[in-house]
Amino acid sequence: MAAQSEACANFMAKFRNVKKLTAHDFITVWEHYDVDGNGYIEDAELDAFFRELIQTTGGPETISETMLAELKKYFMEAYDVNEDGKISRDELARILPTDENFLLLFRLNQPLRSSVEFMEAWRRYDTDRSGYIESNELKAFLADLVVKEGKTLEEDKLAEYTKAILQHFDTNKDGKLEIKEMARLLPVQENFLMRFEGKAVLTKKDFNRVFDHYDKDKNGKIEGAELAGFLKDLMEHEDEDVTESGLEDLKDSLLKLCDMDGDGQLDKSELKMVLCPGVDEAQDS
C-alpha cells in the first residue's frame, strides 16, 4: 500500500517549498518526466508534468482533461520558444526556478543539428581517445560552454555541476559517459536517415540529399567525424547500441567492402554501394 501511495504521489510536491532548484534537483525533475530519455518532455510526459506542476503551485487537486488542455496551451504559448510542441531542457529551465549559472549551461547546450556535430564534439572532448568522456573531460566541456558566452564559473560550482550531470547521465555508474549517455546530454535534433524510413530504395535525389547532409565540408568525401556521424545514425536506424568500438568495427567493415581507392573515406560512388546496392544510374532517377 505504501508503494502504491508513493507511486501515485505528485512528484513535483517535494519541491513545493524550494525557492530555487539546485543542479541536482533540476536534473532529477528532468529525468523523472523525460521518461523515454529522448531529450524532450512531450506527449503523455508533458501532460503528467503540467498536471503535477499545476497541482503543486496552488491549482486544484482534480484537473479535468479540458482544464489541462487549456492550461497546457497557455504554458506552451509562453515557454515553447521554438513552437515544436515539446519542452527542451532550456525551456524547462525557463519554467522552474533554478540556479542561474546551471541554467546557463542548458541554454547554451542546444540540440545539435546533426550527428556529425555530435561526433565532432565527442572527438574534441574525448582527449585521451578512451572511448569515454571522463569527469575531467566533461568538466572541460561544461567550462567551454560558458567561456563561449564570455562567462566564468567558480571551480567549486563547475565541479558541482559536473558531479550532478555524471550522477544522472552516467546510467551504468562507471564514473564516465559513453556515447549513448553523452547523446542524452547533448541530443541531436534528428537522425537524418529516419527521413527515409520505409523506403525500399532511395531515389537519386534522396541519395544526393543524404550525401550532402554528411559531407559537411563539401569536399566530395565523407570522412572523419562526418563518417562517424553517418555510422552513428546508421546504427541508431537499425536499433543497434552505439559505442566507440561498435563505430570502429562498422567503419572497418564498410571501408573494407566499399572503399575502392583505399583512402579511408567514402565518395559518392562508394557511399552508393552502402545505401543503394544493386541500383544503377538508370534505375535511381
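Lys-272 lies over the face of Phe-207, at 5.2 Å from the ring centre; a charge counts as sitting over a ring if NZ of Lys or CZ of Arg is within 6 Å of the ring centre and within 35 degrees of the ring normal. A second case is Lys-176, whose charged end sits over the ring of Tyr-132, 4.2 Å from its centre. A quick word on ground rules: this is a predicted model, where local features need pLDDT of at least 70 and side-chain atom pairs count only at pLDDT 80 or more, while totals for chains, interfaces and linings use all residues. Residues are numbered from 1 along each chain as its sequence is written, and side-chain values use heavy atoms, with hydrogens and water left out.

Now for the overall picture. The protein has 14 helices and 2 strands, taken as DSSP runs numbered from the N terminus (helices: H or I, at least four residues; strands: E, at least two). Its C-alpha trace spans about 65 × 45 × 40 Å along the principal axes. Of its 285 residues, 46% count as buried (buried is under 20% relative accessible area, exposed over 50%, partly exposed in between, with a 1.4 Å probe and protein chains only). Among contacts (heavy atoms within 4.5 Å) with a separation of 6 or more, 57% come from residues 24 or more positions apart.

Back to Phe-207 and Lys-272, which both turn up where two helices meet. Phe-207, Asn-208, Val-210 and Phe-211 in helix 11 touch Lys-268, Leu-271, Lys-272 and Leu-275 in helix 14. Sorted by class, these residues give 5 nonpolar, 1 polar and 2 charged; Ala, Val, Leu, Ile, Met, Phe, Trp, Tyr, Cys and Pro count as nonpolar, Asp, Glu, Lys and Arg as charged, and the others, Gly among them, as polar. The axes of helix 11 (residues 204–214) and helix 14 (residues 268–275) come within 11 Å and cross at roughly 115°. Here, axes are lines fitted to C-alpha atoms, for helices over the stretch in contact, and angles run from 0 to 180 degrees between N-to-C directions.

Helix 8 and helix 9 (residues 155–169) cross too, at roughly 115°, with axes that come within 9 Å. On the helix 8 side, the contact includes Ser-135, Leu-138 and Lys-139, and on the helix 9 side, Glu-155, Leu-158 and Tyr-161 are among the partners. The class count for this contact is 8 nonpolar, 2 polar and 2 charged residues.

What about the aromatic rings? A search of the whole structure finds 12 aromatic pairs; rings of Phe, Tyr and Trp (its six-membered ring) pair if their centres lie within 6.5 Å, with planes under 30 degrees apart called stacked, over 60 edge-to-face and the rest tilted. Tyr-125 and Phe-141 make an edge-to-face pair, 5.3 Å centre to centre and with 80° between the planes. This pair bridges distant parts of the chain, 16 residues apart: Tyr-125 in helix 7 (residues 115–125) and Phe-141 in helix 8 (residues 135–147). Both Tyr-125 and Phe-141 are buried. Elsewhere, ring pairs tie Phe-11, Phe-15, Tyr-33, Phe-49, Phe-50, Tyr-74, Phe-75 and Tyr-79 into a cluster.

In helix 2 (residues 23–33), 8 of the 11 residues are buried, so the helix is largely enclosed by the rest of the structure.

Asp-128 sits in the loop between helix 7 and strand 1 (133–134). Asp-128 is partly exposed, with a relative accessible area of 43%. Neighbours within four places in sequence aside, Asp-128 is in contact with Glu-134 and Glu-137.
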